[in-house]
Amino acid sequence: MSNALPPLEHYIWLSSILFCIGVAGVLIRRNGIVLLMCVELMLNAVNLLFTAFSTHFQDASGQIFVFFVMVVAAAEVAVGLAILVMIYRNTKSVDISLLDNLKH
Amino acid sequence: MEYLFYILSGFTILSAILMISARNPVHSVLYLIVTFFLISGQYLMMNAQFLFIVNLIVYAGAIMVLFLFVLMLLNLNRETEPQKSMKAKLAGVISAGLLLITLLGALIQGQTYRGSLHITDVGLVKNLGMALFTKFVVPFEVSSILFLSAMVGAILVGMRKKEDKEVVSE
C-alpha cells in the first residue's frame with residue numbers, strides 16, 4: 001500500500017512521550033487548573049494509543065472506548081473545575097501547595 | 001504519507017512541552033488546544049473520522065473553552081502564577097524522564113509491532129454507530145447517567161451556601 005501508515009511501534013513511542021510530558025507537567029506545576037490540563041494531555045495520549053491499536057486490529061471496540069474516555073474526561077473536568085472554583089473562593093488562590101491541612 | 005506522521009508528532013511533542021513550561025496559564029491553554037488539534041490530525045490520518053470530529057468539538061472546543069473561561073473568571077495571569085522551586089522542577093522532570101525510560105525499555109524488551117498500520121474503515125461514523133448501539137448500548141446508557149450526576153455534582157459543589165450569601169450581601 002503506497003499510503004501506509006507508520007508502524008504501530010511509533011504510535012506507542014509518541015503516546016509514551018506525550019504521557020510522560022503530562023506526568024512532568026503534573027510534577028512541576030502548582031496551578032490547579034494547569035494540573036487538570038496535564039491530566040487531559042495524559043488522557044489524550046492514551047486515546048491516541050487506543051485508536052492506533054484499534055486501527056491495527058481493525059476492531060471498533062478501541063475507538064468506542066476512546067468515546068467513553070472522552071465522556072469521563074468531560075465529567076471529570078466539570079466537577080474538577082467546580083471544586084477548583086470553590087477552593088479559589090476559600091483561599092483566594094489556585095495554588096495546590098496551600099492545601100496541606102492533612103499534613104498538620 | 002508516512003512523513004506526515006513524523007511532522008505531526010514533532011509539533012505535538014513541541015507544543016506539549018511548551019504547554020507545561022509556559023508561565024502564563026492562558027498560554028498553557030492555547031498550547032494545549034494546538035496539541036489537541038495535532039492529535040486530531042493523527043486521528044484523521046488513521047481514518048478515524050468520528051474521533052477526529054469529536055476530538056475537535058468536545059476537547060478542543062468544549063473542554064478547553066471551559067478551562068479558558070474559568071482561568072479568565074478567576075483572573076489568573078503570569079503575575080499570580082505560583083512557581084515551584086528550581087530543585088523541585090528538576091526532580092519532577094527527572095522522575096518523568098525515568099518513567100519514560102521505563103516505558104520505552106519495556107516496549108523494546110516486549111513484543112514489537114514492526115509492520116505498518118493499514119487504513120481501515122472501522123472508524124467511520126456508520127461502523128462506530130453500529131458497534132455503539134448494539135454491543136455497547138448498556139455502557140452508553142450508563143455514561144449518560146454519569147454525565148447527569150457530574151452535572152448535578154458540579155452545580156452542587158459550585159453553589160454558595162446560604163450563610164455565605166448573607167455575608168456577601170452585608
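Reader: How do α3(A) and α3(B) pack, in angle and axis distance?

Author: Two packed helices are described by the angle between their axes and the distance between the axes. Axes are lines fitted to C-alpha atoms, for helices over the stretch in contact, and angles run from 0 to 180 degrees between N-to-C directions. In this predicted model, α3(A) and α3(B) pack at about 5 degrees, with their axes 11 Å apart. Angles under 35 degrees count as roughly parallel, over 145 as roughly antiparallel, 65 to 115 as roughly perpendicular and the rest as oblique. The two helices are therefore roughly parallel to each other.

Reader: Which residues make the contact of α3(A) with α3(B)?

Author: Two residues are in contact if their C-beta atoms, placed from the backbone, lie within 7 Å. On α3(A) the contact residues include A:Phe67, A:Met70 and A:Val77, and on α3(B) they include B:Leu51, B:Ile63 and B:Val70. By class, this contact has 14 nonpolar, one polar and no charged residues. Here Ala, Val, Leu, Ile, Met, Phe, Trp, Tyr, Cys and Pro count as nonpolar, Asp, Glu, Lys and Arg as charged, and the others, Gly among them, as polar.

Reader: And how do α3(A) and α6(B) pack?

Author: Their angle is about 10 degrees, with axes 8 Å apart, which makes α3(A) roughly parallel to α6(B). Among the residues that meet are A:Phe68, A:Val79 and A:Met86 in α3(A) and B:Leu146, B:Phe147 and B:Val157 in α6(B). The contact has 16 nonpolar, three polar and no charged residues.

Reader: How should I read the numbering and the confidence limits?

Author: Residues are numbered from 1 along each chain as its sequence is written, while chains are lettered from A and ligands numbered from 1 in the order in which they are written. As the model is predicted, local features need pLDDT of at least 70 and side-chain atom pairs count only at pLDDT 80 or more, whereas totals for chains, interfaces and linings use all residues.

Reader: How many residues of each chain are in contact with the other?

Author: Chain B brings 71 residues into contact with 63 residues of chain A. On the chain B side, the elements that give two or more residues are α1 (2-21), α2 (25-45), α3 (49-73), α4 (86-109), α5 (125-134) and α6 (137-158). Helices (H or I, at least four residues) and strands (E, at least two) are DSSP runs, numbered from the N terminus. That side divides into 48 nonpolar, 18 polar and five charged residues.

Reader: Which residues touch the most other members of the largest nonpolar core?

Author: A nonpolar core is a set of buried Ala, Val, Leu, Ile, Met, Phe, Trp, Tyr and Cys residues joined through C-beta atoms within 7 Å. Of the 64 residues in the largest one, A:Ala24, A:Ile33, A:Met37, A:Leu41 and B:Leu32 touch the most other members. α1(A) gives the most to this core, with 12 residues. Not counting residues up to four places away in sequence, A:Leu41 touches several residues, including A:Leu18, B:Ala16 and B:Leu32.

Key. Buried ≥ 20, exposed ≤ 12 C-beta atoms within 10 Å, placed from the backbone.
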